[in-house]
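This report goes through selected residues, helix packing and charged pairs. Please keep the sequence and the model open while reading.

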Amino acid sequence: MTNITALLGAFGEEVKLIEDSLDHADVVELHGHRFVTGMLGQQRVVVTLTGIGKTNAAMATGLVMAHFRPSRVIFTGIAGGVNPALQPGDLVIGGDVGYHDVRSVTLTMEPTRQTMHPVTYALNPLYFPADPTLLALAQQAAQVIDFDTVPGKKRPPSVHVGRILTGDEFIHSASRATALRDEYGADAIEMEGAAVAQVCHQMGIPCLVIRSLSDNADSHAVIDLLAFLSTAARNSARLVKAMME
């Protein structure tokens with residue numbers, strides 16, 4: 001396939017919203033994973049569910065790369081907001097994406113939070129930057145969308161370009177969220193994005209991570225996630241579809 005865009009999501013709800021929008025949809029099964037190809041607007045896409053966590057996300061991304069050879073990857077889904085200016089329903093477009101749970105040393109025993117290329121051992125960026133073209137396209141698309149407001153929130157959702165952190169930890173503590181915000185300058189926290197961005201970086205494929213906030217990563221995170229998931233999923237899927245169209 002040529003000039004195909006891979007659209008990945010961690011949760012089934014947002015992935016299904018995109019799948020349901022496809023024309024000429026076709027299902028491909030690979031190693032137990034379900035991939036759906038089709039047309040979204042005038043763009044050929046492949047859509048798949050990565051599942052939760054860094055390993056699942058990296059595995060699904062690797063399968064997409066090997067079989068479909070996409071020209072670009074967009075990862076979307078929900079996240080916890082740690083920027084106090086943001087609220088559930090808002091969207092964070094990852095200007096850069098990094099890990100909060102990597103602690104290692106270089107080959108010369110220098111402490112580092114950077115990951116390494118598996119073959120060359122070259123250090124990856126501390127934060128993986130968004131592809132400039134995809135970032136500009138997302139910002140442009142966001143300007144023409146009427147996003148759904150989550151129940152109980154007074155203002156409509158805003159779109160913010162910021163820093164997204166990834167780790168194999170569901171954050172549900174206000175003090176932990178604040179600490180991560182203070183240490184890393186984070187706006188949103190989730191469990192997959194940097195793993196997808198790392199695979200794309202190592203393979204030279206443009207990537208963008210988009211997150212719709214479902215909670216504030218505090219003690220109410222699980223309750224808010226369940227209450228606001230549907231709205232957050234609709235908003236993130238709406239932005240991705242607008243980009244493709």
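His 24 is found in strand β2, which spans residues 23–30; helices (H or I, at least four residues) and strands (E, at least two) are DSSP runs, numbered from the N terminus. The structure is a predicted model, in which local features need pLDDT of at least 70, side-chain atom pairs count only at pLDDT 80 or more, and totals for chains, interfaces and linings use all residues. Residues are numbered from 1 along each chain as its sequence is written, and side-chain values use heavy atoms, with hydrogens and water left out.

**Positive phi values**

Phi of His 24 is near 55°, a positive value in a residue other than glycine. His 24 is exposed, with a relative accessible area of 71%. On the scale used here, buried means under 20% relative accessible area, exposed means over 50%, and partly exposed lies in between (1.4 Å probe, protein chains only). Ala 217 is not a glycine either, and its phi is positive at about 55°. Ala 217 sits in the loop between β12 (207–215) and α6, and counts as buried at 1% relative accessibility.

**Helix α2 and its surroundings**

Helix α2 (residues 54–68) packs against helix α5 (residues 193–203) at an angle of about 35°, and their axes are 8 Å apart. Axes are lines fitted to C-alpha atoms, for helices over the stretch in contact, and angles run from 0 to 180 degrees between N-to-C directions. The crossing of α2 past α5 is right-handed; a crossing has this hand if the near helix is turned clockwise from the far one by less than a right angle, and is left-handed if anticlockwise. On the α2 side the contact is made by Lys 54, Ala 57, Ala 58, Thr 61 and Met 65. On the α5 side Ala 195, Val 196, Val 199, Cys 200 and Met 203 take part. Contact means heavy atoms within 4.5 Å.

Leu 63 is also found in helix α2. Its relative accessibility is 16%, so Leu 63 counts as buried. Leaving aside neighbours within four places in sequence, Leu 63 is in contact with Leu 30, His 31, His 33, Phe 35 and Phe 68. Leu 30 is 33 residues away from Leu 63 along the chain, and the C-alpha atoms of the two are separated by 7.8 Å.

**A buried histidine in a loop**

His 100 lies in the loop between β6 (91–99) and β7 (104–105). At 4% relative accessibility, His 100 counts as buried. Not counting residues up to four places away in sequence, His 100 touches Leu 165, Thr 166, Gly 167, Glu 169, Ile 171, Arg 176, Leu 180, Tyr 184 and Ile 189.

**Salt bridges**

Side chains of opposite charge can pair when their charged atoms come close. A salt bridge is a side-chain nitrogen of Lys or Arg within 4 Å of a carboxyl oxygen of Asp or Glu. A search of the whole structure finds 13 salt bridges, including those in the table.

| Asp 90 | Arg 155 | 2.7 Å |

Asp 90 and Arg 155 meet in a salt bridge. Asp 90 lies in the loop between β5 (72–81) and β6 and Arg 155 in the loop between α3 (132–142) and β10, so the pair ties together parts that are 65 residues apart in sequence. Asp 90 counts as buried at 0% relative accessibility, while Arg 155 is partly exposed at 29%.

Asp 148 is partly exposed at 23% relative accessibility, and Arg 234 is partly exposed at 32%.

**A nonpolar surface patch**

Phe 170, Val 222 and Leu 226 form a nonpolar patch on the surface, with about 290 Å² of accessible area together. Patches are made of residues with over 30% relative accessible area and no salt bridge: like charges are joined within 9 Å, nonpolar side chains (Val, Leu, Ile, Met, Phe, Trp, Tyr) within 5 Å. Accessible areas come from the Shrake-Rupley method with a 1.4 Å probe, and for residues only the protein chains shown count as cover. Phe 170 is placed in the loop between β10 (159–166) and α4 (174–184), and is partly exposed, with a relative accessible area of 34%.
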